[in-house]
Amino acid sequence: MAVDEMGSNCSSSGAQELHVLAVDDSLVDRKVIERLLKISCCKVTAVESGSRALQYLGLDGERSSVEFDELKVNLIMTDYSMPGMTGFELLKKIKGSSRLREIPVVIMSSENVLARIDRCLEEGAEEFLVKPVKLSDVERLRDFILRGEDKNKTEITRKRKTHDDSFSPPSASSPSSHKCDHPLSPISVSAVPHQRLPKRPKLMLATN
Amino acid sequence: MQRQLANMKQSLFDQGYLDEQFIQLEELQDDTNPNFVEEVVTLYYRDSVRLIQNIENALDKNPLDFAKLDSHMHQFKGSSSSIGARKVKIECTQFREYCRAGNGEGCKRTFQQVKKEYATLKKKLEAYFQFARQAGPVEKACRPK
């Protein structure tokens, strides 16, 4: 069965394991997304709210940046409609943080509302997935993020070797550099345009 | 027995109780997680008690707070959708339409339907999983009880 192959692939492929932070107030959805991610060879941390997510990411000021690096999160997947802080509000807080803004954020929602999708993408969301999320969505996301991470590492290595002046450090980047066109860090800009996830197909596939 | 099990499952789909999402969940099952679907469904039924109670309580209020009703139902519909509970989801959608129209009677009427479909599916899935456990892998079926 296909799933068994996927399971053994996790250990044998030697590929980097992404650490995904999943945020959803629904117990059922957390269980499902956790399973989807584990099958896709990702490490998962699932939390029930935006505030818990910020706590985990150290944005509430309690965790030192050293600790954060050890638990590096490669991707955040958050539900849109949550009590307290919505996924959109969480997205804004993450993109508003100089330390966290590089982390790709994906919004999940059972409601296929164009204005909502646009708003999220404008605010810097990587992708907007319509629930229920499928295995193919997660695998596609994982592959995209992995490619980005690889490019990041290559570029950083190249920068260190050549001391190229044309590469500017990311710290001075303006908010506009985090629109849909540049989903990953400025260092990997050259690699990105060909690899953008298609953001609209979900609209056509979703049923109501 | 495996054939009977397959037939049971097929009829759940044919009669429209379950949709594609249930199959998606089944594909997440393997030797390391052989009961994943049943676990998710069990979690759904346990968690839904609270969600349904929220809606009941909100429907008892006078005047009705449609925004709150819609919000509660959104949560319940989401979970139902996650396990592939098709008929339940359809009734939930209808309920939300009535919320948006501010139609209290429509909401109350539809909520009875929601609960009916929810209970029907629960019975059918319980029977299905129980049968699945009995049918099991071929070796298990041969072992003396």
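A residue is taken as buried when its relative accessible area is under 20%. In this predicted model, B:Glu26 has a relative accessibility of 17%, and therefore counts as buried. B:Glu26 lies in helix α2 of chain B, which covers residues 20-26. The side chain of B:Glu26 is in polar contact with the side chain of B:Tyr128, at 3.5 Å.

Chain B as a whole is helical in its assigned elements, with seven helices and zero strands. Along the sequence, the order of elements in chain B reads α-α-α-α-α-α-α. Taken along the principal axes, the box filled by the C-alpha atoms of chain B is roughly 60 × 25 × 25 Å. Chain B has 145 residues, and 46% of them are buried.

B:Gly102 sits in the loop between α5 (86-100) and α6 (104-135) of chain B. The relative accessible area of B:Gly102 is 39%, so this glycine is classed as partly exposed, the class that lies between the limits of 20% for buried and 50% for exposed. Between B:Gly102 and B:Ala67 there are 35 residues of sequence separation, and the C-alpha to C-alpha distance of this pair is 9.3 Å.

The contact between the two chains was considered next. Chain A contributes 19 residues to this contact and chain B contributes 26 residues. Together the chains bury about 1,900 Å² between them, and carbon and sulfur atoms carry 59% of that area. On the chain A side, the residues that lose the most area to chain B are A:Val28, A:Lys31 and A:Arg35, which together account for 31% of what that side buries.

Charged and polar pairs also cross the interface. Four salt bridges are found between chain A and chain B. A salt bridge joins A:Glu111 to B:Arg96, with the closest N and O atoms 3.0 Å apart. Eight residue pairs are in polar contact between chain A and chain B, counted with both residues at pLDDT 80 or more. In chain A, helices α1 (2-12) and α2 (27-39) each provide at least two residues of the side that touches chain B. The largest share of that side comes from α2(A), with eight residues. Sorted by class, the side of chain A that touches chain B consists of nine nonpolar, three polar and seven charged residues.

The cysteines were examined last. A disulfide is a covalent bond between the sulfur atoms of two cysteines. Over all chains, the search of the whole structure finds zero disulfides. A:Cys42 is in no disulfide, and the nearest cysteine sulfur, which belongs to A:Cys41, lies 7.2 Å away; the cut-off for a disulfide is a pair of cysteine sulfur atoms within 2.5 Å. With a relative accessibility of 5%, A:Cys42 counts as buried. A:Cys120 is buried as well, at a relative accessible area of 0%.

Terms used: Residues numbered from 1 in each chain as written. Chains lettered and ligands numbered in written order. Predicted model: local features only at pLDDT ≥ 70, side-chain atom pairs only at ≥ 80, totals over all residues. Heavy atoms only, no water. Contact = heavy atoms within 4.5 Å. Buried area = accessible area lost by both parts, 1.4 Å probe. Salt bridge = Lys/Arg side-chain N within 4 Å of Asp/Glu carboxyl O. Polar contact = N/O pair within 3.5 Å; in protein donor to acceptor, adjacent residues only side chain to side chain. Helix = DSSP H or I, 4+ residues; strand = E, 2+ residues; numbered from the N terminus. Nonpolar A, V, L, I, M, F, W, Y, C, P; charged D, E, K, R; others polar. Buried < 20%, exposed > 50% of the residue type's maximum accessible area, 1.4 Å probe, protein only.
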